[in-house]
Amino acid sequence: MKLLPPWPYPCLIAHRGAGKLAPENTLAAFRLGAAHGYQAFEFDVKLSADGKSILMHDAILDRTSDGHGRVDALTLGELAQMDAGSWHSPAYAGEPIATLVSIARYTQANHFSVNIEIKPSPGREWRTGAAVSIDAQHLWSTAEVPPLLSSFSEEALGAAREFVPDLPRALLLDTLPADWLQRLQALGCTALDANHRVLTREIVEAAHAAGFRVLCYTVNEPERALQLLDWGVDSLITDAVDRCGRLYRAVDCRAHG
Ligand code: G3P
Ligand code: MG
């Protein structure tokens with residue numbers, strides 16, 4: 001049994017800011033998540049054409065803004081003209097695409113912790129892992145809690161490890177390959193970050209026994225959240241900041257370990 005690494009993150013983390021209740025990955029979503037009591041946030045980061053770190057889930061702009069085409073084809077100045085709120089609802093019309101800089105300011109001013117999911121545009125995995133991790137190290141250099149870096153891209157996590165070895169990393173896995181433990185070891189990860197549907201009590205125990213924390217996504221039913229926490233999952237990511245907000249108050253969700 002290996003010693004577990006520190007895990008200074010609360011057991012509930014809001015997905016993309018506040019899940020689906022506000023436009024994902026915008027500052028407005030973080031504010032809404034905070035209003036529901038959340039103190040930790042997951043969000044997706046990729047690069048503009050001029051190499052700036054911005055928040056966006058998809059490789060193209062069409063679903064979550066009034067822009068069209070590839071995010072990485074536009075500069076930060078061009079992306080700043082986009083409306084990232086109207087697609088969601090009139091209340092959020094005019095909400096800008098968030099930058100990693102603005103999120104760093106907001107979360108640290110409010111003593112919130114973050115899970116930065118490195119979400120490279122296709123073909124830019126290494127460059128995105130390097131740039132986002134370097135930006136994160138710089139922007140959170142005086143933070144009480146370091147940002148947790150995660151990615152489905154092993155290439156991006158490898159770049160993060162090379163350029164910023166000190167920031168904790170988690171490998172995102174939607175399914176569990178037979179060699180999942182070896183993959184975590186090869187990338188020097190702190191945590192497994194799995195789709196909650198692939199987790200069992202035995203897998204959580206195997207990860208812990210090998211010295212890895214366990215994080216999972218996207219858990220939207222309070223009963224399932226309680227089951228996962230009972231199995232020993234260290235943190236879970238949720239869209240249901242309203243339903244799981246009540247859960248947040250019912251269990252001791254403060255950071256531990
Ligand atoms: O980081 C966990 C979760 O966000 C991964 O899936 O597609 O919502 O970014 P996705
Ligand atoms: Mg994500």
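This short talk goes through salt bridges in the structure shown above. Before the pairs themselves, please keep in mind that this is a predicted model, in which local features need pLDDT of at least 70 and side-chain atom pairs count only at pLDDT 80 or more, while totals for chains, interfaces and linings use all residues. Residues are numbered from 1 along each chain as its sequence is written, chains are lettered from A and ligands numbered from 1 in the order in which they are written, and side-chain values use heavy atoms, with hydrogens and water left out.

In general, side chains of opposite charge can pair when their charged atoms come close. Searching the whole structure gives 10 salt bridges, the term meaning a side-chain nitrogen of Lys or Arg within 4 Å of a carboxyl oxygen of Asp or Glu.

Let me begin with Arg16 and Glu24, which form a salt bridge whose closest N and O atoms are 3.0 Å apart. Arg16 is buried at 15% relative accessible area, where buried means under 20%, exposed over 50% and partly exposed in between, with a 1.4 Å probe and protein chains only; Glu24 is buried too, at 11%. These two residues also belong to a network of salt bridges that links Arg16, Glu24, Asp44, Asp58 and Arg63.

Next, Arg213 and Asp234 meet in a salt bridge at 2.9 Å, N to O. This pair links distant parts of the chain, 21 residues apart, with Arg213 in strand E8 and Asp234 in the loop between helix H8 and strand E9; helices (H or I, at least four residues) and strands (E, at least two) are DSSP runs, numbered from the N terminus. Arg213 is buried at 7%, and Asp234 is buried at 3%.
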